[in-house]
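Reader: Good morning. Could we go through a protein model together, one topic at a time?

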Amino acid sequence: MSTLLPRRNQTVHLKYRSAQTTAELRKTLRQARYLQAGTQNTATPVFQNRQQRGDATTYGRISTSQDGRIWTKLPISYPHVQLSRPSVWYANGRLTLIDGQDRYWTTNFKDWQHQRLNFNGADFKQGRVQAVFPGTTRSAVVVVRGIDRQSSRAKLYYGQLTKTGRVKAWHALQLGKLPARQVAGMSLIDQHLYLFRQRGKQLAIYRANRLTRPVRLVGRVKLNHAQSQRVTAVNLIPTTKHRYRLIFDLTTAEKVQKQPRYRLLDRRFKAVGQQHLLVTDYLWSQFQISLRGSE
């Protein structure tokens, strides 16, 4: 056999090839009702929709959805760098991932550009991105968690992020008694800002009618899980005019990541029906959901 089929050591270079063209990918992003940026743990296997986190090696992924229940991973080439808490922004043909203090963007869905962002303001230092909310085609609202220079406490700040990655003016969110470090996630719906905090088996929902207004408690939702399990990411998206879908993931005390779940809420943020599993192409570790992309 070695004579007929000689063995040769070869280096194989894999090239990115998508079943969709660039135009088709842009159409998918433009028409998607919801965009999701999350991380996928590639270091440990997934068994029965659960995964041991351990020292997770997580990479950024993007999914799209029309109903917020069934999600499909975008078939593109992703930046091969470890990400921990990415947010997605699509505008004017440019797809952007922002994670911590790093920004990655692409226009052809194969080649990514990188920029290191410096999120330090006159009132805070060590700013790291917590969420990005798409705005106009040239800017987005970015929320960072930074250390207040006077009190040395963590606070949340927001500002308009330009195409060049700069924020001209920062403003502090008025959290009241809500500790910034305990905010498990945030969503922006019709200029209303929603923030979430886990309290045992309950998830407290806070709302600010505008970014400039103070947040206040508007609801508590009981989740069907053991009290020792921790909600590591949560978002709220509208399904109809008077209903919402609360999407969250859980990690057990043994650091086992579970499949994302959701609960339907009414206009008063009361749970409707039972808790359900989300349909995804992969197990989400961390995620941020934004509304429809813009072109």
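Author: The conversation below goes through this predicted model, from the chain as a whole to single residues.

Reader: How much of the contacts comes from residues 24 or more positions apart?

Author: Among contacts with a separation of 6 or more, 50% are between residues 24 or more positions apart.

Reader: Let us turn to the strands. What is the order of strands in the open sheet of four?

Author: The order is β5-β4-β1-β23, and the pairing is antiparallel. At the edges are β5, residues 72-73, and β23, each of which pairs on one side only.

Reader: What holds strands of a sheet to each other in general?

Author: Strands of a sheet pair through backbone hydrogen bonds, in either a parallel or an antiparallel way.

Reader: How many bridges join β4 to β5?

Author: Two bridges join β5 to strand β4, which covers residues 58-65, and the two strands run antiparallel. Across this pair, Ser63 stands opposite Lys73 of β5.

Reader: Which strands form a hairpin?

Author: One hairpin is formed by β11 and β12, with five residues between them. Strand β11 spans residues 139-148 and strand β12 spans residues 154-162; they pair in the antiparallel sense over nine bridges. In this pairing, Ser139 stands opposite Thr162 of β12.

Reader: Which residue in that turn has a positive phi?

Author: Ser152 in the turn has a positive phi of about 60°. As background, most residues other than glycine have a negative phi.

Reader: And what else does β12 pair with?

Author: β12 is also joined by two bridges to strand β13, residues 171-172, and these run antiparallel. There, Tyr158 stands opposite His171 of β13.

Reader: Going back to positive phi, where is Gln126, and what is its phi?

Author: Gln126 is in strand β10, residues 124-134, and its phi is near 55°. Gln126 is exposed because its relative accessible area of 54% is over the 50% cut-off.

Reader: What about Asp190, is it buried or exposed?

Author: Asp190 is exposed, since its relative accessibility is 63%. Asp190 lies in the loop between β14 (185-189) and β15 (192-199), and has a positive phi of about 50° although it is not a glycine.

Reader: New topic: how many cavities of 30 Å³ or more are there?

Author: The count comes to one cavity of 30 Å³ or more. The largest cavity has a volume of about 60 Å³.

Reader: Which elements give two or more residues to its lining?

Author: They are β18 (230-240) and β23 (287-291). The largest share of the lining, three residues, comes from β18.

Reader: And by class, what is in the lining?

Author: The lining of the largest cavity has five nonpolar, six polar and one charged residues. Among the lining residues are Arg85, Ser87, Gln130, Asn235 and Gln288.

Reader: Where is Ser87, and what does it touch?

Author: Ser87 is in strand β6, residues 87-91. Ser87 is buried because its relative accessible area is 1%, under the 20% cut-off. Leaving out residues up to four places away in sequence, Ser87 touches residues including Ala37, Leu97, Gln130 and Gln288. Of these, Gln130 and Gln288 also line the largest cavity.

Reader: You mentioned Leu97. Is that one buried or exposed?

Author: Leu97 is buried, with a relative accessible area of 1%, and it lies in strand β7, residues 94-99. Not counting residues up to four places away in sequence, Leu97 touches Ala37, Pro86, Ser87 and Trp112, among others.

Reader: Last one: how far apart are the C-alpha atoms of Leu97 and Val132?

Author: The C-alpha atoms of Leu97 and Val132 are separated by 9.3 Å, and the two residues are 35 residues apart along the chain.

Technical notes: Residues numbered from 1 in each chain as written. Predicted model: local features only at pLDDT ≥ 70, side-chain atom pairs only at ≥ 80, totals over all residues. Heavy atoms only, no water. 1 Å grid on protein atoms, 1.4 Å probe; cavity = no way out; pocket = protein on both sides within 12 Å on 5 of 7 lines; lining within 4 Å. Points joined across faces, edges and corners; volume = space filled by probe spheres on them. Nonpolar A, V, L, I, M, F, W, Y, C, P; charged D, E, K, R; others polar. Buried < 20%, exposed > 50% of the residue type's maximum accessible area, 1.4 Å probe, protein only. Contact = heavy atoms within 4.5 Å. Pairing = 2+ DSSP bridges.
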